Structure formats: structure tokens, C-alpha cells
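Colleague: I would like to learn how to read a few features of a protein structure, one at a time. Could you take me through them slowly?

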Amino acid sequence: MDRHRDEGQQMARTGATAPSLISKGDIMALRDTMLNSAAEYLRPGEPVQAIFGAQTASQWVAGFAGIFVFLGLNHYRILVVTPARILVLDAGKTSMKKARGVVMELPRSTRLGPGTGLWHRIPAGDVTLRVHRRFFKDIQAADSALVNA
């Protein structure tokens, strides 16, 4: 219980808010973990409209070349959508839970969706980010907030 209160206080200090469309169970916990780790990269008072994970390598690499090749090529990313920008954070090679640094910033005018297929592709600079279907509601929420702004 204290952990949730501490996380809430941290979010209040940074001005971060939870995404409006959150699924149940593990996905909610994953989004909460991503949001808490991304808080240090937000500007003071900057609200979060959506947060979701992505990866840089195609899932087909794991199937054809093997999991070890995939782990060597892949980088996980956390996309944090705010009213002013889209922040792409590095989350390392093994998990998308913990933000480790800023990779790039995209203009808020960037449309992220609509999500299609099992893995939606988002061009970001010279790399393509692949977003799994479980995060399509977050992409939709981000794009809806852009239209309503």
C-alpha cells in the first residue's frame, strides 16, 4: 500500500498522469512501471497522455535467426506522449519496464496510428519502432488527444 502511495506522490510531483485507457492486470502494472521510470525525463508539470512500449527489431528475427541474435539486435523503447512532444526513451535490451535515457524527441504533430496487424510499425528517425497489438489502445488515445487539441 505504501508503494502505491509513494508512486502517486511521485506522479503528483512530476505532474504525470496515468493514461486514460488502461487494460487490466499485468498490462496495467507494466504501464505503471514505465510511467514511474519515465517521470524523471518529463518536464515539471508535464502531463502524460499515453505511454507504451516498442521494440526496434522485427519479431521475425527471433524466429528465423534465433533468440540470441534477436537479443543482440533488439532495443526496447518507451514512448511517452505529452501535449507538447513524443519522448522516445531507451529501456535496454531485455525489458521495456525501466527507462534508461532519452533516444529522441518527436514532434507532437506526429500521428502514431492507427495500429494495424499484430505489430504496428512507427518510423522514428532512422529506425522503425514496432508496437505490439496490446498497446494499440494507447496509440489510439495518443492520436485522439492530438485531434482534440
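Colleague: Does W60 count as buried or exposed?

Modeller: Buried means under 20% relative accessible area, exposed over 50%, and partly exposed in between, using a 1.4 Å probe and protein chains only. W60 counts as exposed because its relative accessibility is 54%, and F64, at 72%, is exposed too. This is a predicted model, in which local features need pLDDT of at least 70 and side-chain atom pairs count only at pLDDT 80 or more, while totals for chains, interfaces and linings use all residues. Residues are numbered from 1 along each chain as its sequence is written, and side-chain values use heavy atoms, with hydrogens and water left out.

Colleague: How many aromatic pairs are there by the ring rule?

Modeller: Rings of Phe, Tyr and Trp (its six-membered ring) pair if their centres lie within 6.5 Å, and planes under 30 degrees apart count as stacked, over 60 as edge-to-face and the rest as tilted. The count here is one: the rings of W60 and F64 have centres 5.9 Å apart and planes at 25°, so they are stacked. Both residues belong to helix α3, residues 59-65, and sit four residues apart, about one turn of the helix; helices are DSSP runs of H or I with at least four residues, and strands are runs of E with at least two, numbered from the N terminus.

Colleague: Which residues is A142 in contact with, leaving aside neighbours within four places in sequence?

Modeller: Contact means heavy atoms within 4.5 Å, and A142, in helix α5, is in contact with A50, V81, R108 and L112. A142 is buried, because its relative accessible area is 0%. A142 and V81 are 61 residues apart in sequence, yet 6.6 Å apart in space, C-alpha to C-alpha.
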